[in-house]
Amino acid sequence: MAETSVPRVSPATPERGGVLPQWKAGLPLADSHCHLNDEAFAQDQAAVLARARQCGVRYLIDVGATSGLAANRRAVALAEREAEVFATVGIHPHEAAAVDEHVLLEIEQLSHAPKVVAIGETGLDFHYDHSPRPQQEEIFRRFIALARKRRLPLTVHVRDAYPRAAQILREEGASEVGGVIHCFTGSWEEAREFLDLGFFLSFSGVLTFKNAERVREAARRAPLDRLLIETDAPYLAPVPVRGRRNEPAFVAYTAIRLAEVRSCAVEEVAWRTTENTVRLFALPTGTHRNP
């Protein structure tokens with residue numbers, strides 16, 4: 001078993017974010033899925049970004065998700081202002097029932113912004129069924145078609161619908177553009193379906209939860225060159241900050257846990273997941289390259 005290098009944890013800070021990891025200087029991280037456009041960050045977004053930089057986060061993918069479109073517009077605007085922030089545009093399956101042609105048209109228009117790097121989040125959520133399943137599936141197919149038209153990868157949300165999501169991705173030719181199954185929480189058998197389609201898998205703070213052994217098995221067995229890490233901030237804060245508002249700096253805790261799960265050095269996880277994020281979303285390489 002390889003030794004895992006684990007950064008120390010600093011004392012609690014007065015910021016709302018709470019306990020921050022101390023991260024090795026020069027070691028890059030990428031938060032492949034967060035919602036900095038969320039109202040939860042309205043009062044301290046600049047401080048949140050500063051803490052992310054402090055913890056080595058070189059790339060942040062700010063994900064559009066709401067049919068009201070304001071969050072998508074905020075994501076695009078933030079990406080234009082901040083060098084390390086990139087945006088996706090799309091509608092969460094919870095809100096699929098509210099998507100009309102006007103919404104689809106504006107999402108397509110927003111997708112032409114220079115720092116929009118993916119279509120999503122889109123997908124299927126059969127756990128809550130906030131939108132009827134037929135409408136979720138229809139909007140999912142429409143966004144896959146848009147991703148193919150725009151030649152952009154997909155950021156896909158799936159909950160309690162892995163077989164159906166894989167079927168739709170296959171039927172709609174999503175392998176042409178690829179993408180990522182964000183916050184993957186399925187089994188290894190379900191993971192293989194998406195890997196076979198050419199998709200990446202992204203692991204969130206769920207990887208650190210006590211009852212997530214099935215998720216850890218998938219993270220352990222999947223090829224490292226197909227793995228990303230994320231926060232899904234402000235949701236799903238990892239251990240040891242579970243229960244707090246999540247933020248991009250905390251992606252370090254997921255990197256630490258992924259290294260433990262795979263019995264490798266955290267440096268390898270940090271470099272490889274950052275490189276994978278750059279490769280999937282065609283990001284500028286900047287200074288993140290592994291020496």
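# Close-up views of a predicted model

**View 1. Ala282 lies in the segment after helix 9.** Ala282 is not a glycine, yet has a positive phi of about 50°. At a relative accessible area of 66%, Ala282 is exposed. The accessibility classes are buried (under 20% relative accessible area), exposed (over 50%) and partly exposed (in between), using a 1.4 Å probe and protein chains only.

The model is predicted: local features need pLDDT of at least 70 and side-chain atom pairs count only at pLDDT 80 or more, while totals for chains, interfaces and linings use all residues. Residues are numbered from 1 along each chain as its sequence is written, and side-chain values use heavy atoms, leaving out hydrogens and water.

**View 2. Helix 9 (residues 266-281) is largely enclosed by the rest of the structure.** Of its 16 residues, 12 are buried. Among them are Val266, Glu267, Trp271, Asn276, Leu280 and Phe281. The buried set also includes Thr273, Thr274 and Thr277. The length of helix 9 agrees with expectation: at 1.5 Å a residue it should span 22 Å, and its end C-alpha atoms are 22 Å apart. The expected span is 1.5 Å times one less than the number of residues.

**View 3. The loop between strand 8 (227-229) and helix 8 holds Pro234, Leu236 and Pro240.** The peptide bond from Ala233 to Pro234 is cis, with omega near 15°. Another cis bond joins Val239 and Pro240, where omega is about 20°. Leu236 takes a positive phi of about 60°, although it is not a glycine. Leu236 is partly exposed, with a relative accessible area of 29%.

**View 4. The largest pocket is lined by 32 residues.** Rolling a probe the size of a water molecule over the atoms shows where empty space is left. On a 1 Å grid over the protein atoms alone, a cavity is a set of points where a 1.4 Å probe fits but cannot get out; a pocket is an open set with protein on both sides within 12 Å along at least five of seven lines, and lining residues have an atom within 4 Å of a point. Which residues lie nearest the centre of the largest pocket? They are His92, His157, Arg159, Asp232 and Leu236. Helix 2 (70-81), strand 4 (116-125), strand 5 (154-159) and helix 7 (213-221) each give two or more residues to the lining. The space in the pocket is about 860 Å³. That volume is the space filled by probe spheres set on the grid points, which are joined across faces, edges and corners. The lining divides into 12 nonpolar, nine polar and 11 charged residues. Here Ala, Val, Leu, Ile, Met, Phe, Trp, Tyr, Cys and Pro count as nonpolar, Asp, Glu, Lys and Arg as charged, and the others, Gly among them, as polar.

**View 5. The largest nonpolar core has 92 residues.** A nonpolar core is a set of buried Ala, Val, Leu, Ile, Met, Phe, Trp, Tyr and Cys residues joined through side-chain atoms within 4.5 Å. Leu154, Leu169, Ile181, Phe194 and Leu201 touch the most other members. Helix 8 (residues 251-262) gives the most to this core, with eight residues. A second, separate core of 14 residues includes Ala30, Ile61, Leu280 and Leu283. Leu154 touches residues including Ile119, Phe143, Leu169, Val177 and Phe199, leaving out those up to four places away in sequence. Contact, or touching, means heavy atoms within 4.5 Å.

**View 6. Helix 4 (residues 133-150) contains Arg150 and Glu137.** Is Glu137 buried or exposed? At 16% relative accessibility, Glu137 counts as buried. Leaving aside neighbours within four places in sequence, Glu137 is in contact with Leu124, Phe126, Arg164 and Ile168. Arg150 counts as partly exposed, at 21% relative accessibility. Beyond four places in sequence, Arg150 touches Ser111 and His112. Arg150 and His112 are 38 residues apart along the chain, and their C-alpha atoms are separated by 8.3 Å.

**View 7. Leu36 sits in the loop between strand 1 (29-34) and helix 1 (45-54).** At 0% relative accessibility, Leu36 counts as buried. Its contacts, leaving aside neighbours within four places in sequence, include Phe41, Val48, Leu60, Leu78 and Pro248. Gln45 and Asp62 also contact Leu36. The C-alpha atoms of Leu36 and Arg164 are separated by 29 Å.

Conventions:
Helices (H or I, at least four residues) and strands (E, at least two) are DSSP runs, numbered from the N terminus.
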